[in-house]
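Work through the exercises below with the sequence and the 3D structure at hand. Try each task before reading its solution.

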Amino acid sequence: LATLSAVATATTLIALLSWQGFTEAFGKTLGPLFVIAAVVAVSGAFGRGWRVPRTVLVLVQLVIVAMLVSAFVCGSPIPVGDAWDRLHQAFADAVQSANRFAPPVPSDEPPVHPLLISGGAGCLLLVDVFACTLRRVPLAGLPLLTIFSVPVSMTGDGPNWLLYVVTAIGFLAMLFLAESEQVARWGPILAEDHGHSEPKPLAVPT
């Protein structure tokens, strides 16, 4: 499960590199996304290892991710008071820049990284929840496809073929790991059933 978490996170991060065409200052987005990805993977792996209920784990991860996004955007993990004003203004400026400029947004304009950080964090969390917590790897393909669909719909250009191929390989690896883990769980069950099976007495006709 820890390996699956790591592969899911790495695959999502690679897919998010397709967003680098949105802004000239993509580093302001990439660094925070790496931190959020690491926190999502580690918290998910520990929570699943300690058998935390799925609903509780997802809620805890959601709160942690929201706090991280707030910290990166407005400088405070809990947006209250002045921090809320800064958070609101940062998103308002990001929306304005996204509407005024065609990608990539110039680095000397109000950055769009609040939108990219929050959107990327949501995709990272969804992939972890679908692939690792719910064990539904095919559903994790939906946020991955969304990641590639956003730049295509805004710029009209197709995704970078190398990023697309590496993401597809990562997705296949996620499927392999999930199915391997499921098959590994069958082994002890089959062995236990076989060990406790008793031969049935033969019916003797009278």
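**Exercise 1. Count the salt bridges, then find the partners.**

Step 1. Apply the rule: a side-chain nitrogen of Lys or Arg within 4 Å of a carboxyl oxygen of Asp or Glu. The count comes to 1 salt bridge.

Step 2. Name the partners. Arg48 pairs with Asp128, and their closest N and O atoms are 3.2 Å apart.

Step 3. Arg48 belongs to helix H2 and Asp128 to helix H5 (residues 113-133), so the pair ties together parts 80 residues apart in sequence. Helices here are DSSP runs (H or I, at least four residues), and strands are runs of E (at least two), numbered from the N terminus.

Step 4. Check burial. Buried means under 20% relative accessible area, exposed means over 50%, and partly exposed lies in between (1.4 Å probe, protein chains only). Arg48 has 10%, so Arg48 is buried. Asp128 has 1%, so Asp128 is buried too.

A note on the source: this is a predicted model, in which local features need pLDDT of at least 70 and side-chain atom pairs count only at pLDDT 80 or more, while totals for chains, interfaces and linings use all residues. Residues are numbered from 1 along each chain as its sequence is written, and side-chain values use heavy atoms, with hydrogens and water left out.

**Exercise 2. Describe the overall fold in numbers.**

Step 1. Count the elements. The protein has 7 helices and 0 strands.

Step 2. Look at burial. Of the 206 residues, 35% count as buried.

Step 3. Look at contacts (heavy atoms within 4.5 Å). Take those between residues at least 6 apart in sequence: 68% of them join residues at least 24 apart.

Step 4. The accessible surface is about 12,000 Å², and 69% of it belongs to carbon and sulfur atoms.

**Exercise 3. Find the aromatic pairs and classify each one.**

Step 1. Apply the rule. Rings of Phe, Tyr and Trp (its six-membered ring) pair if their centres lie within 6.5 Å; planes under 30 degrees apart are stacked, over 60 edge-to-face, and the rest tilted. This gives 2 aromatic pairs.

Step 2. Take Trp19 and Phe22. Their centres are 6.3 Å apart with 55° between the planes, a tilted pair. Both residues are buried.

Step 3. Take Phe148 and Tyr164. The centres are 5.4 Å apart and the planes stand at 65°, so this pair is edge-to-face. Phe148 sits in helix H6 (residues 137-155) and Tyr164 in helix H7 (residues 161-196), 16 residues apart.

Step 4. Compare burial. Phe148 is buried at 7% relative accessibility, whereas Tyr164 is partly exposed at 43%.

**Exercise 4. Which residues make the nonpolar surface patch?**

Step 1. Name them. Val42, Phe46, Trp50, Val52, Val56 and Val60 form a patch of about 600 Å². Helices H2 (27-49) and H3 (54-74) each give two or more residues.

Step 2. Val52 is in the loop between H2 and H3, and is partly exposed at 32% relative accessible area.

Terms used: Patch = residues over 30% accessible without salt bridge, like charges linked within 9 Å, V, L, I, M, F, W, Y side chains within 5 Å. Areas by Shrake-Rupley, 256 points an atom, 1.4 Å probe, with all protein chains shown as cover.
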